[in-house]
Amino acid sequence: MKTLVCGFLAAFISVASFAQEKTVTVGGAPMYPSKNIVENAVNSKDHTTLVAAVKAAGLVETLQSAGPFTVFAPTNKAFDKLPAGTVETLVKPENKSTLTKILTYHVVSGKWNASDLMAKIKEGNGKAMLKTVEGGTLTAWMKGKNVWLTDEKGGMAKVTISDVNQSNGVIHVIDTVLMPK
């Protein structure tokens, strides 16, 4: 009986601690700062394509590691903007290296929350150059109160939800898939 009561209390405390966390809702699901990037992303209905791509590229373990990482996470609608058949082609095993290159281009080492990005943009006279895990560069800039990113091919993505804190970094939701050279 004592074990049962202790187990119940532990479960209650665990649920209560999640309830007290400051969450951001993404894709209809709360994103818990105590969970890692993958644990949260799998619950977002807006990121099912991204999660499938991360799995196909074999990046789950990496994005569950300590990090910290800043992930610019394209929504399903962002992937839908790509030419027809692109996603289906990229997730094939023979295209794993290309998919990995694209996905790691959306990741920057360190935890860069929105205020850090804006300060770096201001410091850079309107632009901040961000080195991606892939090895390329993203250019961050402001348009009004929004942070935007320009990729190496000239494509632009708007940060639509910022500062989705994770145990191993932060996610910023974006509306367009970014492409490396």
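## Overview of the chain

Of the 181 residues that make up the protein chain, 40% count as buried, and it should be kept in mind from the outset that the structure described here is a predicted model. The protein chain has eight helices and nine strands. Among the contacts between residues at least 6 apart in sequence, 58% join residues that are at least 24 apart.

## Helix α3 and its buried side

Helix α3 comprises residues 48-57, and its buried residues are L50, V51, A53, V54 and A57. As a general point, an α-helix has 3.6 residues a turn, so residues three or four places apart point the same way.

Several elements pack against the buried residues of α3, namely the helices α2 (37-41), α4 (60-64), α5 (76-80) and α7 (96-104), together with the strand β3 (69-74). Just after α3 comes G58, which takes a positive phi of about 75°.

## How α3 meets α7

Two packed helices are described by the angle between their axes and by the distance between those axes. For α3 and α7 the angle is about 125°, and the axes are 9 Å apart. Angles of 65 to 115 degrees count as roughly perpendicular and angles over 145 as roughly antiparallel, and α3 and α7 are therefore oblique to each other. The crossing of these two helices, α3 and α7, is left-handed.

On the α3 side, the residues that take part in the contact are L50, A53, V54, A56 and A57, and on the α7 side they meet K96, L99, T100 and L103.

The buried residues of α7 are L99, I102, L103 and T104. Besides packing against α3, the buried residues of α7 pack against helix α6 (86-90) and strand β4 (107-109).

Turning to another part of the chain, T139 has its place in strand β6, which spans residues 137-143. Is T139 buried or exposed? With a relative accessibility of 14%, T139 counts as buried, because the cut-off for buried is under 20%.

Which residues is T139 in contact with, leaving aside its neighbours within four places in sequence? The contacts of T139 are K127, A128 and M129, together with W148, L149 and T150.

Technical notes:
Residues numbered from 1 in each chain as written. Predicted model: local features only at pLDDT ≥ 70, side-chain atom pairs only at ≥ 80, totals over all residues. Heavy atoms only, no water. Buried < 20%, exposed > 50% of the residue type's maximum accessible area, 1.4 Å probe, protein only. Helix = DSSP H or I, 4+ residues; strand = E, 2+ residues; numbered from the N terminus. Contact = heavy atoms within 4.5 Å. Axes fitted to C-alpha atoms, helices over the stretch in contact; angles between N-to-C directions. Parallel < 35°, antiparallel > 145°, perpendicular 65-115°, else oblique. Left-handed = near helix turned anticlockwise from the far one by under 90°.
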